[in-house]
Amino acid sequence: MDWTLDLVDRLARVVPGGYAAGDEATTEPTALAGLALLTQDRIDDAQIAANWLAKLQADGGSIGISPARHTPCWPTSLAILLWQAVERATGRDKYARSIERAVQWALAERGRTRRRGPLARHDTTLAGWSWAENTHSWVEPTAMFVLALKAVGHGRHPRTREAIRLLSDRLLPTGGCNYGNTIVLDQVLLPHVQPTGLAMMAFADDELADPRIELSLNYLEQELQPETTTASLCFGILGLAAHNRHPVDGYAWLENAYRRVLDQGPGCYKLALLSLAAAEQYPLSNVLPTGEPK
């Protein structure tokens, strides 16, 4: 049996789900699972995830990290992506009001800014999105909201464009990025695969002249290995796929990662990421509206 078919069957059985086997259901793994199930045309299963998220939406439009924890609200971006993807797959606007409220919340939410100072070289005046309310903007949540806003046709919105500038600002001189700092006390920080992959996904469908994007893609190709941890491997492959770059051995690496996950006890989060990466379906490829300006 094709390992990806076995994977998606296992994934469908644990939705809504959490980060590890037996964990409580949480919003990020569930949203990613819904997106992954759509790549295999498991629309009914994906709608289980979408409906579960819709029930958790707060009056103000945000989605917390779990039914019991209503903040922080960065998973709102992933809920938007899933709802939009389900609507495109079904041709129905069942989640239109949920999307509208979530987008309104996202556009009003801003990471904390401050005047530029001597300690950090990145531009602290730019606003993206943060992991938690009233904190600094960081790469991963900002990339997720860029993906979500592009998906619903807001690729040219001022908030999206500022976020793209922020992500570009956070790229390191030799490529790649980390959580969101670049040079601190004259020390160049190290890049990490997962945030770099997410940033590359956010840059897709933009024609930026920044040479560090090419350097970042090269960094991903150099760093991905058979032993790369599951989440980093998946985000790295997705970031490359968003720019039509595909590691020769990437599919085999994902299969090996799946075998490791089975040995550990598969949770919803890793199963979802593996399914997305195996299909090379970075989220925008499912949900970007036709004619979206670049």
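How do the residues of the lining of the largest pocket divide into nonpolar, polar and charged? The points below begin with that matter.

1. The lining comprises eight nonpolar, three polar and two charged residues. Here Ala, Val, Leu, Ile, Met, Phe, Trp, Tyr, Cys and Pro count as nonpolar, Asp, Glu, Lys and Arg as charged, and the others, Gly among them, as polar.

2. The model is predicted: local features need pLDDT of at least 70, side-chain atom pairs count only at pLDDT 80 or more, and totals for chains, interfaces and linings use all residues. Residues are numbered from 1 along each chain as its sequence is written, and side-chain values use heavy atoms, with hydrogens and water left out.

3. Twelve of the twelve residues of α10 are buried, that is, under 20% relative accessible area (1.4 Å probe, protein chains only). Among them are Phe235, Gly236 and Ile237.

4. The model has zero disulfides, a disulfide being a pair of cysteine sulfur atoms within 2.5 Å. For Cys73, the nearest cysteine sulfur, that of Cys268, is 20 Å away. For Cys234, a buried residue of α10, the nearest cysteine sulfur is also that of Cys268, 13 Å away. Cys234 counts as buried because its relative accessibility is 0%.

Notes: Buried < 20%, exposed > 50% of the residue type's maximum accessible area, 1.4 Å probe, protein only. Helix = DSSP H or I, 4+ residues; strand = E, 2+ residues; numbered from the N terminus.
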